[in-house]
Amino acid sequence: MNLALFVWRQKSPADSGGLQQYEARDISPDMSFLEMLDVVNEDLIKKGIEPIAFDHDCREGICGMCSQVINGTAHGPQEKTTVCQLHMRNFKDGDTIYIEPWRAKAFPVIKDLVVDRGALDRIIQSGGYVSVSTGGVPDANAILIPKADSDRAMDAAECIGCGACVAACPNGSAMLFVSAKVAHLALLPQGCVEAARRVCVMTETMMKEGFGNCSNHYECQAACPKGIKVSFIAKLNREFIKSLAKPSEAL
Amino acid sequence: MILDGKCPSGQLPLKWDKHRQELKLVNPSNKRKYKIIVVGTGLAGASAAATLGELGYQVEAFCYQDSGRRAHSIAAQGGINAAKNYPNDGDNIYRLFYDTIKGGDFRAREANVYRLAAVSNQIIDQCVAQGVPFARDYAGYLENRSFGGAQVSRTFYARGQTGQQLLLGAYSALSRQIHAGSVKLYPRTEMLDLVIVNGEAKGITVRDLVSGEIRSHAADAVCLCTGGYSNVFYLSTNAMGSNTTAIYRAYKKGAYFANPCFTQIHPTCIPVTGDHQSKLTLMSESLRNDGRVWAPKKQGDTRHPSEIPEDERDYYLERKYPSFGNLAPRDISSRAAKEVCDEGRGVGPGNRGVYLDFGDAIKRFSKEKIQERYGNLFDMYKKITDEDAYEQPMRIYPAPHYTMGGLWVDYNLQSNIPGLFVLGEANFSDHGANRLGASALMQGLADGYFIIPYTIADYLARTKPGTASPEHSEFKKSKEDTENLTRRMLSINGRKTVNEFHRELGRIMWEHAGMARSEEGLKKALELIPQLKAEFSQNVKVTGTGTELNQELEKAGRVADFLEFAELFVLDAMQRKESCGGHFRTEYQMPDGEAKRDDENFRYVAAWEFRGEGKGPELHKEPLEFENVHLAVRSYK
């Protein structure tokens with residue numbers, strides 16, 4: 001099939017950028033979206049035009065590197081799917097496709113479709129962990145965890161840190177990302193010891209990094225390739241309120 | 001030269017304890033004076049950087065991805081082995097050791113493998129303490145499942161995303177150290193050279209992938225944790241960025257490259273659909289717990305699998321290996337799949353595929369149970385192939401997945417260059433000629449959490465901190481060389497893209513040095529690779545400049561190294577005139593087609609030394625001594 005693409009091209013962070021039109025020819029429905037872009041890029045290189053820069057790595061939907069807004073939707077039209085797992089059979093011959101980078105105040109564009117998501121790492125660095133050093137820990141089965149809690153923690157822990165939730169949110173909020181980490185650890189006995197401190201520092205860093213707040217659009221849940229539910233944002237809020245009841249020296 | 005792995009003497013189970021007693025320590029207040037560079041933030045790199053940071057060293061960590069959470073360890077699906085024996089099914093450290101050494105077809109060091117098995121239990125404890133949500137039963141205890149090459153259930157898992165959860169655990173420990181200031185992380189930064197001062201590894205030269213700046217970093221020791229080189233085959237289950245550049249350039253600076261031809265072809269991957277394919281996707285080995293592998297008995301049978309009656313199906317793994325059945329090790333299962341396809345009994349496009357059938361398992365348990373165990377894998381399969389594996393069997397075919405070869409290291413994980421340590425898949429040490437499932441995660445974390453913290457101290461305690469500086473002439477030279485290399489790449493301005501060269505190299509390697517290798521084919525490869533390399537240096541087209549984010553330039557550097565490395569790989573495959581593990585030479589096989597190992601002549605590690613451009617590499621051997629296990633013909637029948 002043949003497709004018309006409008007792709008965001010931006011030379012550098014300082015450049016204002018704009019949409020450029022390209023053609024994708026002889027695309028097989030078995031190709032992934034990124035393989036379609038590979039074809040377009042090979043063609044551009046042969047013409048001496050710089051190929052479209054985009055982040056990608058594992059191409060199996062787990063590393064969280066790929067990050068494109070396709071026709072206005074983060075990661076494109078298929079539910080619970082990263083761009084690299086989106087296949088061209090979801091499009092028709094003659095379609096026009098608009099491809100843009102993640103758009104959010106906290107994710108400055110580096111080049112074309114590549115953005116800087118360092119803010120998400122800085123949120124984790126501020127406290128998204130159990131403060132345990134290597135060695136000197138109890139036997140793994142000494143900590144019993146009810147299956148339901150463990151499963152729910154895993155539901156949250158599946159987050160791949162791609163940032164689609166932020167790109168999809170009209171407020172550019174990272175609440176789904178933060179809530180997934182807060183909930184994952186707060187649901188487990190190993191993590192709940194530090195839960196109050198963790199939720200405070202992580203939300204504080206989130207605000208400082210320029211992410212907006214949640215006003216219940218649920219766009220994040222719709223865009224999340226791992227199907228992480230907004231109910232974790234409720235859990236985040238609950239953890240936050242609980243932390244307020246703690247004396248400040250306990251945080 | 002005969003190489004010495006410096007394994008400690010004494011009884012096998014006591015070697016590591018005894019060795020730890022003998023290793024020197026660095027006192028706590030002196031640790032902060034030493035700087036350690038860690039390259040790569042996968043399981044080995046992240047766990048090493050975090051643990052060394054916790055101990056008080058100054059650590060600088062580097063990764064080419066945009067975050068420390070994305071290295072390809074994250075894609076490991078099935079699980080991690082440990083000798084906990086929680087299921088009470090007869091497991092212990094010795095059995096894990098034995099299974100691993102036998103699985104590797106007796107081409108690994110006993111002492112290393114035993115140590116790996118011994119620390120395996122600590123890894124599980126550590127990960128649970130970090131909050132890794134391993135699967136649990138209703139009483140809250142940890143669950144286990146089975147993996148290939150073992151008759152016990154010793155694999156811990158977190159749904160189909162075990163690698164992800166373990167890496168996020170290590171990444172969280174790393175993040176904690178970044179916050180504490182003991183680790184400085186440089187994302188989007190790629191190592192392009194190793195710097196050696198007075199014969200010791202004292203730093204690296206890197207390219208900042210965003211600004212294009214090439215600069216050097218000095219330290220007291222360097223740890224390479226940069227993964228494997230399966231992408232030499234172009235199509236593999238590795239991430240697009242996975243490469244051999246860091247270890248290959250260390251090789252060119254004098255580090256020995258061991259057993260480069262030992263590569264693992266994983267039996268259960270989604271088959272290739274066309275030329276556009278950029279990578280292959282693994283379907284976890286854990287699927288073989290419940291899935292049955294079969295092919296039609298008749299050649300060229302194009303019927304829909306549901307129309308092929310039971311008695312016209314050949315469950316060839318169960319038939320050939322009754323005691324291990326569908327859980328035969330990876331090398332054996334892959335070769336068996338190739339055999340049935342070579343016989344014309346393959347299915348799907350190009351007839352390169354076999355079925356992995358869950359029909360019986362769904363009948364025995366329920367669709368829901370199978371969904372709970374492998375739901376994410378079935379979803380992924382559907383997205384890629386547009387087929388529903390609950391309704392019809394999956395189609396699978398082998399694909400390059402893991403490389404047992406890597407830089408040569410001694411028992412301390414130190415290469416032949418003092419101060420250069422190599423961890424995880426990047427080294428050669430623990431898996432011999434074939435790695436068992438769920439052992440890569442174990443090795444990465446064992447090296448990073450529990451081995452390097454001890455062994456690196458022994459080296460550091462013998463050196464003065466802060467002796468190297470980026471002002472030293474070796475650093476300046478390395479920086480200049482790297483800048484020249486980049487400039488040259490950009491100036492060729494030929495007509496073929498980097499991908500075209502990579503694809504062509506992959507075709508050569510897969511055809512002549514893939515699942516079955518022959519003297520004739522390898523010779524052919526040795527003809528074709530230098531031609532392709534020469535063409536690359538004349539005719540590659542790299543767009544853009546060196547002073548910006550330039551993904552073509554990044555790829556060009558990696559493919560240039562793959563082109564050189566491929567020759568070394570083939571040379572190694574040629575000299576090893578035996579079949580063992582994943583290395584199958586068609587000339588050396590049993591009458592029944594099984595691998596024919598030659599312990600008398602090839603019971604050694606082949607370590608290659610670079611002797612300069614235009615000169616062939618020199619082969620050094622490290623003889624493998626087996627004091628505890630009996631060298632047997634590996635049988636899974």
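In this predicted model, chain B holds an open sheet of 5 strands. Their order is S5-S2-S1-S9-S17, and the pairing is parallel. Strand S5 (183-186) and strand S17 (420-422) of chain B form the edges. Each of these edge strands pairs on one side only. From one strand to the next, the twist averages 20°. Strands of a sheet pair through backbone hydrogen bonds, either parallel or antiparallel. At one end of the order, strand S9 (residues 221-224) of chain B runs parallel to S17(B), and 3 bridges join the two. Within this pair, Val222(B) stands opposite Leu420(B) of S17(B).

Helix packing was examined next in chain B. Helix H13 (residues 473-491) of chain B packs against H16(B) at an angle of about 110°. Their axes lie 10 Å apart. The range for roughly perpendicular is 65 to 115 degrees, so H13(B) is roughly perpendicular to H16(B). On the H13(B) side, the contact is made by Thr486(B), Met489(B) and Leu490(B). H16(B) supplies Leu553(B), Ala556(B) and Gly557(B). By class, this contact has 4 nonpolar and 2 polar residues, with no charged residues.

A helix pair in chain A gives another geometry. Helix H2 (residues 118-127) of chain A and helix H7 (residues 195-208) of chain A have axes that come within 8 Å. The axes cross at roughly 150°. Angles over 145 degrees count as roughly antiparallel, and H2(A) is therefore roughly antiparallel to H7(A). The crossing of H2(A) with H7(A) is right-handed. H2(A) contributes Arg122(A), Ile123(A), Ser126(A) and Gly127(A) to the contact. These meet Arg197(A), Arg198(A), Val201(A), Met202(A), Thr205(A) and Met206(A) in H7(A). The residues of this contact divide into 4 nonpolar, 3 polar and 3 charged.

The two chains also touch each other. Their contact takes 66 residues from chain A and 62 residues from chain B. Several helices of chain B give two or more residues to its side of the contact. They are helix H3 (43-55), helix H5 (110-130), helix H6 (162-180), helix H11 (367-385) and helix H16 (551-575) of chain B. The largest share of the chain B side comes from H6(B), with 9 residues. By class, the side of chain B that touches chain A has 21 nonpolar, 26 polar and 15 charged residues.

Key. Residues are numbered from 1 along each chain as its sequence is written. Chains are lettered from A and ligands numbered from 1 in the order in which they are written. This is a predicted model: local features need pLDDT of at least 70, side-chain atom pairs count only at pLDDT 80 or more; totals for chains, interfaces and linings use all residues. Axes are lines fitted to C-alpha atoms, for helices over the stretch in contact, and angles run from 0 to 180 degrees between N-to-C directions. Helices (H or I, at least four residues) and strands (E, at least two) are DSSP runs, numbered from the N terminus. Angles under 35 degrees count as roughly parallel, over 145 as roughly antiparallel, 65 to 115 as roughly perpendicular and the rest as oblique. A crossing is left-handed if the near helix is turned anticlockwise from the far one by less than a right angle, and right-handed if clockwise. Two residues are in contact if their C-beta atoms, placed from the backbone, lie within 7 Å. Ala, Val, Leu, Ile, Met, Phe, Trp, Tyr, Cys and Pro count as nonpolar, Asp, Glu, Lys and Arg as charged, and the others, Gly among them, as polar. Two strands pair if DSSP finds at least two bridges between them.
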